[in-house]
Amino acid sequence: DLAGLLARQAGRTPEAAAVLTDTGAGLSYAEFTARVARVAAVLRSRGVGVESRVGVVLPRSVDSVVAVWAVWTAGGVYVPVDPEYPAERIAYVLKDSTPALVITTEDLVGSLPADLDTLVIDSEPARAEI
């Protein structure tokens, strides 16, 4: 399983780069697995479990990779939503998929339908939790 593969790699090379961006930002395997576990715990505390759909409305970033792995770790199914889609398309995808929760950023949350439960991953409250 994917979680087992990640855990084994983190155990072998905890300081090696697990995720890197074009800008050089990134996380080591130790940092990545710890962050995924913390985000997954937050997702579980917000009701995400087996087969829960979680919208991931994030630009390509370290946070987007962490979010996808955290959804899997919590037992959920991620619904990828490109934040560059037109607003109508984003609203349609989110309405049609009926996610239990949507992971997004402070910059994007205002463009999403207001009736969604969101985890704003780069907000101060979320950063304190994860």
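Ser 52 touches Gly 47, Gly 76, Val 77 and Ala 100, leaving out residues up to four places away in sequence; a contact here means heavy atoms within 4.5 Å. This serine is found in the loop between α2 and β3 (53-56). With a relative accessible area of 14%, Ser 52 is buried, where buried means under 20% relative accessible area, exposed over 50%, and partly exposed in between (1.4 Å probe, protein chains only).

Before going further, a word on what you are looking at. This is a predicted model, in which local features need pLDDT of at least 70 and side-chain atom pairs count only at pLDDT 80 or more, while totals for chains, interfaces and linings use all residues. Residues are numbered from 1 along each chain as its sequence is written, and side-chain values use heavy atoms, with hydrogens and water left out.

**The overall fold**

The protein chain has 6 helices and 6 strands. Helices (H or I, at least four residues) and strands (E, at least two) are DSSP runs, numbered from the N terminus. Read from that end, the order is α-β-β-α-β-α-β-α-β-α-β-α.

Along its principal axes, the C-alpha trace spans about 45 × 35 × 25 Å. Buried residues make up 41% of the 130 residues. Among contacts between residues at least 6 apart in sequence, 57% join residues at least 24 apart.

**A cluster of rings**

A pair of aromatic rings is described by the distance of the centres and the angle of the planes. Rings of Phe, Tyr and Trp (its six-membered ring) pair if their centres lie within 6.5 Å; planes under 30 degrees apart count as stacked, over 60 as edge-to-face and the rest as tilted.

| Pair | Centre to centre | Angle of planes | Kind |
|---|---|---|---|
| Phe 32 and Trp 69 | 6.1 Å | 80° | edge-to-face |
| Trp 72 and Tyr 78 | 5.9 Å | 70° | edge-to-face |

The pair of Phe 32 and Trp 69 is edge-to-face. It links distant parts of the chain: Phe 32 sits in helix α2 (residues 29-45) and Trp 69 in helix α3 (residues 62-74), 37 residues apart. Both Phe 32 and Trp 69 are buried. Trp 72, in contrast, is partly exposed at 38% relative accessible area, and Tyr 78 is partly exposed at 30%. Ring pairs link Phe 32, Trp 69, Trp 72 and Tyr 78 into a cluster.

At 42% relative accessibility, Arg 44 counts as partly exposed. Apart from its neighbours within four places in sequence, Arg 44 is in contact with Thr 73 and Ala 74. The C-alpha atoms of Arg 44 and Arg 89 are separated by 28 Å, and the two are 45 residues apart along the chain.

Back in the loop between α2 and β3 is Glu 51, which counts as exposed at 60% relative accessibility. Its phi is near 65°, a positive value in a residue other than glycine. Thr 98, in the loop between α4 (87-97) and β5 (101-104), has a phi near 40°, again positive in a residue other than glycine.
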